Amino acid sequence: MKVSARNVFKGKVRELRPGAVNSEVIMELAGGETLVAVVTMESVSSLKLAPGVDAVALIKAPWVMLMTDSSDIRLSARNCLSGKVVNVTDGAVNAEVTLELAGGTRVYSIVTRDAVQELGLAPGVNATAVIKASHIILGVPA
């Protein structure tokens, strides 16, 4: 599968929390981290999502926000993944920041160059990737 999304995470569905229209899908990544995605009940059915099913989560890098001090902040975003910055690639307007989670999974984010400076993002800096559950697209192997 070739996709344009910078973040492609393989894992297993750990839990489903069905609702009237949408379902929360909790997916465990290879490094032990979890992602929560919100998808329609129709998608749950058509993808045959159930605990134990292999799945892929796709997240475009611009949908990944970064923060460097989350100790006293509460967010509505379901996914806050802590790690260390391993690379910052500068562009004319934006920069790509690569964050490595404790389990080895890498998360890519596109942020402005101003944000890189304001947050002090550089290799070795602790940071948290913030991803809304509705920004995760799920797929399953064919």
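## The loop at Lys 48

Lys 48 lies in the loop that runs between helix 1 (41-47) and strand 4 (54-59). The model described here is a predicted one. Although Lys 48 is not a glycine, its phi is positive, at about 55°. Its relative accessibility is 65%, so Lys 48 counts as exposed; the cut-off for that class is over 50%.

Strand 6 (residues 79-90) runs antiparallel to strand 7, and 7 bridges join the two.

## Leu 99

Leu 99 belongs to strand 7, where it stands opposite Val 85. On the strand 8 side, the bridge partner of Leu 99 is Val 107.

With neighbours within four places in sequence left aside, the contacts of Leu 99 include both of these residues, Val 85 and Val 107. Also among them are Leu 66, Leu 81, Gly 83 and Lys 84, as well as Thr 105 and Arg 106. Ala 127, Thr 128 and Ala 129 are in contact with Leu 99 too.

## The largest nonpolar core

In soluble globular proteins, nonpolar side chains tend to be buried together. Here the largest nonpolar core has 31 residues, and those with the most contacts inside it are Leu 35, Leu 66, Leu 99, Ile 136 and Leu 138. Strand 7 gives the most to this core, with 4 residues. Both domain 1 (7-59 + 133-139) and domain 2 (61-131) supply residues to this core, at least three from each. Two of the residues named for their contacts inside the core, Leu 66 and Leu 99, are also in contact with each other.

## Aromatic rings

How many aromatic pairs does the model have? The count comes to 0, with a pair taken as two rings whose centres lie within 6.5 Å. A ring does take part in another kind of arrangement: the charged end of Arg 6 sits over the ring of Tyr 108, at 3.9 Å from the centre of that ring.

Technical notes
Residues are numbered from 1 along each chain as its sequence is written. This is a predicted model: local features need pLDDT of at least 70, side-chain atom pairs count only at pLDDT 80 or more; totals for chains, interfaces and linings use all residues. Side-chain values use heavy atoms; hydrogens and water are left out. Rings of Phe, Tyr and Trp (its six-membered ring) pair if their centres lie within 6.5 Å; planes under 30 degrees apart count as stacked, over 60 as edge-to-face and the rest as tilted. A charge sits over a ring if NZ of Lys or CZ of Arg is within 6 Å of the ring centre and within 35 degrees of the ring normal. Two strands pair if DSSP finds at least two bridges between them. Buried means under 20% relative accessible area, exposed over 50%, partly exposed in between (1.4 Å probe, protein chains only). A nonpolar core is a set of buried Ala, Val, Leu, Ile, Met, Phe, Trp, Tyr and Cys residues joined through side-chain atoms within 4.5 Å. Domain bounds come from an automatic or database domain assignment. Contact means heavy atoms within 4.5 Å.
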